[in-house]
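Please prepare a briefing on the structure shown below, grouped by topic and with the cut-offs behind each term stated once.

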Amino acid sequence: DQGKKLQANAKEGAVDPPKVEDNIGAVPHGLQTDSDVVKRESDSISSRSLRNNAEKFEFQAEVSRLMDIIINSLYSNKDIFLRELISNASDALDKIRFLSLTDKEVLGEGDTSKLEIQIKLDKEKKMLSLRDRGIGMTKEDLIKNLGTIAKSGTSAFVEKMQSTGDLNLIGQFGVGFYSVYLVADYVEVVSKHNDDKQYVWESKADGAFAISEDTWNEPLGRGTEIRLHLRDEAQEYLEESKLKELVKKYSEFINFPIYIWASKEVDVEVPADEDESSAEESSDGTSSEEGEDEAEKSEDEDTEKKPKKKTVKETTYEWERLNDVKAIWLRSPKDVTNEEYVKFYHSLTKDFSDEKPMAWSHFTAEGDVEFKAVLFVPPKAPHNLYQSYYNSNKSNLKLYVRRVFISDEFDELLPKFLSFLMGLVDSDSLPLNVSREMLQAHSSLKTIKKKLVRKALDMIRRIADEDPDEFSGKDEKDVEKSGDEDEKKGQYTKFWNEYGKSIKLGIIEDATNRNRLAKLLRFESTKSDGKLTSLDQYISRMKSGQKDIFYITGISKEQLEKSPFLERLKKKNYEVIFFTDPVDEYLMQYLMDYEGKQFQNVSKDGLKIGKDSKSKELKDSFKELTKWWKGTLKTEDVHEVKISDRLDNTPCVVVTSKFGWSANMERLMQAQTLTDASKQAYMRGKRILEINPRHPIIKELRERVVKYPEDEGVKQTAQLIYQTALMESGFILSDPKDFASRIYSSVKSSLNISPDATMEEEDDVEETETEPETKAGKDGADAEPSDLKDEL
Ligand SMILES: Nc1ncnc2c1ncn2[C@@H]1O[C@H](COP(=O)(O)OP(=O)(O)OP(=O)(O)O)[C@@H](O)[C@H]1O
């Protein structure tokens, strides 16, 4: 039972393929002999109806929708179907070649062992066929791959198609096969897998497909032949010249030979037919006389034994090779043009949009481990780059060993934070005839990874080095001049916006390359003027005597700009970095120093601005206040109350101890429902209340405390000041109700309301069942103030 079998084998989204009622193309048949079957099969093709004795299946709903859209699409670039078919054929060839590494037998013998792709045109049948000697598909593969199991990209692509109508990216969504329905209204897929018999899949894209065991076609040996019965308006794909042009365009980077069954006009000598020559004579009339004489002369010279011959044009067919398979990465980088790299990128990633990769690096590594590699920075980050970052191991590098494609799921090649890179690695230092698992554990991979990371970081740095925007503030002589400056302008900002988070994650994850990665870091600061700046630029602007690199973390730049922590730093013209991405808090736990300079969070303890300006007398004169205040804040977990160095016109702020969480981090951790409370309490930075000794509120408070240390009112006021400072310093108040009550009592006293004033009793109005309309009608606008009063 096929349905059951499928259910057992399909990993996800397994469906019991629903069989269609056997009424598709139903023709009464009493014919039984083999030749009858063959006749019926070919009849079926000519009438383009599915074979009536085949097993019928319904396409999975999403696939069906996709096919509908494709078949009705007005998309003009229908050529793309060929690219998709060639790419599938090449993938299938890669698969069998990989299997043959450990088992030579799988390739078979004779022609079957030739890893190639063949294209044939049949004008009479209006059919274009593309055959590969790849891995082939079993019956089950045909059912699953071509119809019943929707790929995860299917609905994403359907959505995209509906909004943009752009079919060009179909290959990226893993549904490229269905593009055949741009040009064909009936498609047959004949396939032979080593583990199964030869089958035919066929469909007219009308919601159903059929599968039959193939007893009439020529045996394929192994592989797949796709037969496209072209629509009337797609007959151009039967023109040899058109096909040659397209194959050349789309197969530039295919590593298997592609042949076309090409016609050729050749001169052939055939025995001259007596009748024919006499006919010629008579028709040619007088003008041919001279020629006749000549012929007679030569005849005279020849011996009579030789038969008469003549040359005629004849059309013969032969396989013509269309591509040369010298892989781009084997060529010397200086011989490869930029345009070729861009095209290679498009074919490698199946991203056929107009955008170019932001950068690439093509190099050969020599030494213990030899390999060639091409790396690309794609123009855009995939939308799900950081979703399940820690759980998925998706690397986009293809691994080849000695030109043989091994895998594109080798996550050992690049660290996670560089998983956005695309490209390939081809190594001669890895063994060919071992399992994927053994290869995965091979010691050379570590060396390859290390070198790839270095080269990747160099490539990224180059984007910055070549971007004129990066040097706007620098000396002219430092700017690397190149002809295509316009193209490079703004590229690093673009890179940063797409992949900045990856660089930050790299700093967190990769201790060895931390410094190199920190060089690539960009951020805004109090002096960056709305643009991005770098640590090197920050250092170049540091004031003489400034030891630390200052930064602050928070929700937004706008909010941070107003932060009391910046008051004196700004006044004294120090630059402070704004970090507003949640990942920045983590980042700064790993990035301790750069170029010998320490990082100082300006909302944390330990900030030194120039020389210590706090004289001993000043400290002493506030001793009573600080001691008293610390005492009243015992329950608030305040570790210390001291005179601040960072404030200008704010009375006080709450800072945290150097190695605990900042207020911003506390906020982030609270937002994470899964962090447990005990860790929160443990990691929470100790709080320190810093006071501004020049501020009138603080000065007045000191007076009061000295005079009335036990006064409840003074205590209340101090508590209110503390809570306000907490809030302004970026903390989330643990008891907002308490804070609100204190504010209201303070409001009462400023409104001269007695602290004991009580609430007015609410009128006990009985709930009436009046219709709402009547009420609104009666009360009209007057209703509002009294309703509002009730609310209050
Ligand atoms: N020539 C072929 N030989 C063997 N299997 C094939 C062939 N063509 C298609 N397939 C199978 O059908 C599946 C679906 O093909 P389809 O082109 O829709 O998606 P894909 O190849 O996975 O992704 P993409 O569209 O990106 O190439 C393939 O994954 C493959 O398993």
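How many Å² does the accessible surface of the chain come to, and what percentage of that surface belongs to carbon and sulfur atoms? The accessible surface of the chain comes to about 43100 Å², of which 48% belongs to carbon and sulfur atoms, with areas computed by the Shrake-Rupley method using a 1.4 Å probe and, for residues, only the protein chains shown counting as cover. This is a predicted model, in which local features need pLDDT of at least 70 and side-chain atom pairs count only at pLDDT 80 or more, while totals for chains, interfaces and linings use all residues. Residues are numbered from 1 along each chain as its sequence is written, and side-chain values use heavy atoms, with hydrogens and water left out.

**Overall make-up**

- The chain holds 28 helices and 22 strands, where helices (H or I, at least four residues) and strands (E, at least two) are DSSP runs numbered from the N terminus.
- Of the 792 residues in the chain, 46% are buried, a term that stands for under 20% relative accessible area, whereas exposed stands for over 50% and partly exposed for the range in between (1.4 Å probe, protein chains only).
- Among contacts (heavy atoms within 4.5 Å) between residues at least 6 apart in sequence, 74% join residues at least 24 apart.

- Helix H10 (residues 338-349) has 12 residues and reaches 17 Å from its first C-alpha to its last, close to the 16 Å expected at 1.5 Å a residue, the expected span being 1.5 Å times one less than the number of residues.
- Buried positions in H10 include Tyr 341, Phe 344, Tyr 345 and Leu 348, and the cover over the buried residues of this helix includes strands E10 (359-365), E11 (371-377), E12 (396-401) and E14 (422-427).
- Just after H10, Lys 350 takes a positive phi of about 60°.
- Val 425 lies in strand E14 and is buried, with a relative accessible area of 0%.
- Leaving aside neighbours within four places in sequence, Val 425 is in contact with residues including Phe 371, Leu 397, Tyr 400, Leu 413, Ile 448 and Leu 452; Leu 399 is 26 residues away from Val 425 in sequence, yet 5.1 Å away in space, C-alpha to C-alpha.

**Strand pairing**

- Strand E6 (residues 208-213) is mostly covered, with 5 of its 6 residues buried.
- E6 pairs in the antiparallel sense with strand E1 (residues 55-58) over 4 bridges and with strand E5 (residues 198-203) over 5 bridges, pairing being assigned if DSSP finds at least two bridges between two strands.
- Ala 210 in E6 stands opposite Lys 56 and also opposite Glu 202.
- E5 and E6 form a hairpin with 4 residues between them, and Ala 205 in the turn has a positive phi of about 60°.
- An open sheet of 5 strands has the order E15-E17-E16-E19-E18, with mixed pairing; strands E15 (524-525) and E18 (593-594) stand at its edges, each with a single partner strand, so one side of each is left without a neighbour in the sheet.
- Within that order, strands E16 (residues 549-553) and E17 (residues 576-579) run parallel and are joined by 4 bridges, with Val 576 in E17 as the bridge partner of Phe 550.

**Surface**

- Ile 743, Tyr 744, Val 747, Leu 751 and Ile 753 make a nonpolar surface patch of about 460 Å².
- Patches are made of residues with over 30% relative accessible area and no salt bridge, joining like charges within 9 Å and nonpolar side chains (Val, Leu, Ile, Met, Phe, Trp, Tyr) within 5 Å; a salt bridge is a side-chain nitrogen of Lys or Arg within 4 Å of a carboxyl oxygen of Asp or Glu.
- Leu 751 lies in the loop between helix H26 (736-750) and helix H27 (772-779) and is exposed, with a relative accessible area of 55%.
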